[in-house]
Each structure stands twice: as C-alpha cells, then as structure tokens.
Amino acid sequence: MTVSQPKRLIIVSNRLPAVFRQEGEDWTLQPGSGGLITALAPIMQRSQGLWIGWPGCGPQAELGPLLKQFREEQGYQLLPVPLCEEDVERYYRGFANEVLWPLFHDLLGYCRFDRQNWEAYGSVNRKFASAIAAIAAPDDFIWVHDYQLLLVGDDLRQMGVKQRLAFFLHIPFPTPDLFRRLPWKMPLLEAMMEYDLLGFQTLGDRRNFVNTVITLLPKVEVITRQRHHTLLRHEGRIIKVGHFPISIDFDEFNDGAQSPEVEDAAWYLHENLRGRQLLLGIDRLDYTKGLPERFLAFERALEKYPDLLKRISLLQVVVPSRTLVPDYQNLKELLDQLAGRINARFGQPEWTPIHYAYRSLDRTQLLARYRTSEIALVTPLRDGMNLVAKEYCACSVDNNGVLILSEFAGAAEQLGKGALLVNPYDIDDTADAIYRAINMSAEERQRRMALLRGEIRRNDVHRWLQWFIESAQQEPPTEE
Ligand code: GDG
C-alpha cells in the first residue's frame, strides 16, 4: 500500500528509533525495530525525513559518526536531543511516568505530583521544541508522539512555528473527572489545543478528550462530530480530534510464524509440555498490565474447575522494565510470591501450573509462543491499544487460538467480536473465560479467530499510517 507523500516528515518522540550503547570508550548503535518504525521507514526514506528524540544519553556522548552511519544505512536522518541525568529523572521518570502514565491509565493511586518535576517536564519539552524550530522548514510535516511531549506544540507556536502540527497519543486519555485531578490540568490542556490534529487510539479516548475540553475550556465550540473525527473551534483556530487505532504489520507476523525456525521452536515448546493446553501472557513489567489479577484468575480457575488440573499451564513472560522504581520492584516481588504460592499449592511432580520467566525473548521464541499457545491472556487493567493481542492473532496461522482480552484494552474496540472479553478486576469472570476457552469447540475457535485475523489484516499498521497522514493533510473547512 502506498502512503500519500508528505513533504518532509519530521517525527518527534521521546526516544530515537535506535539504541546507543557505550562499550568502553566507544559508542555503538543498534537500529530499533517494531511496527511503527518499520511502517514509517519507507516514507521517511522517500521524504528525506528526520526523527528527533532522546538518544538515551547525555551531551557528552560522541554520536556524530554513528548518526552518519544510520543515515547511510536507513536512508533518513536522526537528530538527538541529549538529556542530562536530572532531566531524565524529573521529566521522564518523575512527571511522565509517575504522573501522566498512571493518571491516563486510571490509576490515580500511583500518581506522585511534584511541582519541580512538572517544571522539568516543561523545560525538556521546550528543549525538544527548540531542536525542531531550529531545523523546520515551512512545508515540513511535523508529527509529535506520545505523553512525554504534550507541550511541544505550544512551545513551537511560541517560537513562531506556523505550519500544521500533528500529535498522536499512544496511551489512553482519561475521563474529565480523572483529568481534573491533575494540578497542572489547564496549562496542559491549553497546550494540547495548539496542535492541529490530535489523534487518539479509540473512540472512547477521543470522547474523553472532547468532553474534558468542553468541561474545562468553556469557550471551545464543537463544530461537527463525524464518524472519524470531531472539529473544535478554539481562539479562532480549528482543531481536528480523531481516533486512529494503531496496528501491526500483519504480513510480517503471519509469515514469520510460518518460518521453519519458528515452527521448530513451537514444536519443541509443546513437546516439552505435552498433553497441555498453553495459556500465554507476554507483558512488560507494569502495574497497568493486570499481572497479579491474572495469576489470581488462573488460580481461581484451577480451584473452581478441578478438571483443569494437569491439563493447562500458564506461560507468563514478564519483560523487565523500570527496574529501579520502587512500585515496579514491589510488583516484581508480588508476582514472584504469587507464582511460587500457586505452583506450591497445585503443582505436581510432572506438572508445573505457571511457567514464569522474567526476561525478554528473541523474536523466534516470541513468535513460537504466539503460534503454539492455544489461548492468550491479554488482561491489562487499562491499555492504549495492546499490540500483543494483535500479534498473537496474526501468528495464529491455523486459526485455532483463543484470545481472552480485557475490555479496558484499546484493542477491545476492534477485537471485541472475536475475543472473549473480560473485566480483569473480576477474578471469577476471567477464571470462567479461561474455562470457556479451554472447552471451546474447534469450530467456534476457528470462527472467532478468522474474524480477528480478518480485522487485523484489513486494518494493519500501513493503513493506520496512511489514514493518519491523510487526515493531517486535509485542510480544515474554511470559516464563513
Ligand atoms: C504503547 C502503549 C500501545 C514484548 N515482549 C517481548 C517483545 N514485546 C513486544 C511485543 C509488542 C510490544 O513489545 C509491546 O506492545 P504494546 O502494545 O504494549 O506497546 P508499548 O510500546 O509497550 O506501549 C500501548 C503501543 O504504545 C502502540 O501504540 O499499544 O497500549 O502503552 O510489539 O511484541 N518483543 C520481543 N521479546 C519480548 O520478550 N522481541
């Protein structure tokens, strides 16, 4: 699929699409992967694009030769915004991850409001804006990503940047009632209104944003509400608010799952756990992912339905994340305890109920688990989209997997018809869904998975990109 060509595309995100590492005196570069980077690469190459972001290190790092190498190999340019340790601590760990992340995931209890962190967030957003303003040409298409950079649009306006600015939020947007708890709600919301296009993951997020704006900024006028977007008028400008559910490269996962290495690894996994149906969980360590609730639901299923004993195992991979943050360390300890307790309570010499790995997998091992697990448990308490749900379906090439999905994952809006939807806070509900999935007929599995795969195949990441860029490039209606 070809994406309509913007002039020069400037992507701005917290991290650059590459990992820079110091080895002794030298720095090395590992280009990033992932659906968004892959989908953007061709259009970045064609438009001689530029990606602006934090390289993961401070100003002392000598990155010049590596940036040149990246440009030669990848065909587009990186512009690093180096941050010192204190910036990272306050802007990223402090404000972005200890205020916006929990608040926007409806988990107010994890928020730590701190004025200095808010100020650092403002000053780092200005740093990003200065880097953009210094290089932006009048017809560049500037696209800012995610919750770390909500203020950049406003900073750019103050620096005299006039072109259309687009923004996409990868995480949920909360209800007005939750957003109101933020001590800095007004400057944050007013700053967001400086973008011309604001993209959210789901219709629910878009509605939450529009309702928040109407509640807190009474002068804003709703011009139209259409299927894909709402137009708002604010201080003489028109702002488009849309929802664009992000997706994956379906073909890449579908083909990858059928490669000989993945087929071998999948065969080996199941051979080791012969006679069992496998339930799969793949998550970054995070309190939004509903991991303790998932372990409890698995335990409840074993307790309530004894015929499941020895017939099922949960393969849970938890990818280490934010390892120095106390909330995350506590969560890790809790998971260790729960897995130990459940295995001690139900395990037998020839059967381990929970296989819990705290590490990341290489791609072959990840795809092998997706391909071979009969059931996926994707049960976050809240999630912007959740790509694991989509990747699992794309790899279920024999159409026989069952997706158990939280109704609070963004993905539920698109996948609700084929998945078994659960409320992750309701342990019995999830336990019952596990039982239902285990006993589901082959015919029902096939029918549901075919629906899911069709939806993800049609709405893949390339379509998402095309749709967002076209929407951003459409001129707003002229005022009478
Ligand atoms: C934000 C939003 C939204 C996971 N474990 C391994 C591994 N992964 C890969 C998966 C998947 C990705 O990590 C996680 O997907 P998420 O959807 O959770 O994405 P995030 O970037 O964490 O989060 C989220 C997303 O943005 C996109 O807008 O969906 O809601 O929070 O791609 O495959 N990959 C490998 N080994 C692992 O062990 N190789």
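**View 1. The buried residues of helix α8 in this predicted model.** Look along α8 and you'll find D205, R206, N208, F209, V210, T212, V213 and L216 buried. Their cover includes the helices α6 (176–179) and α7 (185–192), plus the strands β8 (197–200), β9 (221–225), β10 (229–234) and β11 (237–243).

**View 2. Helix α14, largely enclosed by the rest of the structure.** The buried ones are A389, K390, E391, Y392, C393, A394 and C395. What sits over them includes α9 (250–256), α13 (363–372), α15 (412–415) and α17 (442–458), along with the strands β15 (375–378) and β16 (402–406). In the loop between β15 and α14 you'll spot N386. N386 isn't a glycine, yet its phi is positive, at about 90°. With a relative accessible area of 7%, N386 is buried too.

**View 3. Helices α1 and α18 crossing at roughly 60°.** Here α1 (residues 35–46) meets α18 (residues 461–473), their axes coming within 10 Å. That angle makes α1 oblique to α18, and the crossing is right-handed. On the α1 side, the contact is made by G35, L36, A39, L40 and I43, while α18 brings V461, H462, W464, L465 and I469. Sort the contact residues by class and you get 8 nonpolar, 2 polar and no charged.

**View 4. Helices α11 and α12 packed at an angle of about 10°.** The pair is α11 (residues 291–304) and α12 (residues 326–346), with axes 10 Å apart. At that angle, α11 counts as roughly parallel to α12. From α11 come L291, P292, F295, L296, E299, L302 and E303; they meet L331, L334, L335, L338, A339, R341, I342, R345 and F346 of α12. The class tally for this contact is 12 nonpolar, no polar and 4 charged residues.

**View 5. G49 in the loop between α1 and β4 (50–54).** At 2% relative accessibility, G49 counts as buried. Set aside its neighbours within four places in sequence, and G49 is in contact with R8, L9, M44, Y76 and Q77. For a sense of scale, take W184: it is 135 residues from G49 in sequence and 34 Å from it in space, C-alpha to C-alpha.

**View 6. T430 in helix α16.** The helix here spans residues 427–438. T430 counts as buried, its relative accessibility being 3%. Beyond its neighbours within four places in sequence, T430 is in contact with A297, L377, T379, V422, N423 and P424.

**View 7. D146, a residue other than glycine with a positive phi.** Its phi is near 80°. D146 is in the loop between β6 (141–145) and α5 (152–158). At 13% relative accessibility, D146 counts as buried.

Notes
Residues are numbered from 1 along each chain as its sequence is written. This is a predicted model: local features need pLDDT of at least 70, side-chain atom pairs count only at pLDDT 80 or more; totals for chains, interfaces and linings use all residues. Side-chain values use heavy atoms; hydrogens and water are left out. Axes are lines fitted to C-alpha atoms, for helices over the stretch in contact, and angles run from 0 to 180 degrees between N-to-C directions. Helices (H or I, at least four residues) and strands (E, at least two) are DSSP runs, numbered from the N terminus. Angles under 35 degrees count as roughly parallel, over 145 as roughly antiparallel, 65 to 115 as roughly perpendicular and the rest as oblique. A crossing is left-handed if the near helix is turned anticlockwise from the far one by less than a right angle, and right-handed if clockwise. Contact means heavy atoms within 4.5 Å. Ala, Val, Leu, Ile, Met, Phe, Trp, Tyr, Cys and Pro count as nonpolar, Asp, Glu, Lys and Arg as charged, and the others, Gly among them, as polar. Buried means under 20% relative accessible area, exposed over 50%, partly exposed in between (1.4 Å probe, protein chains only).
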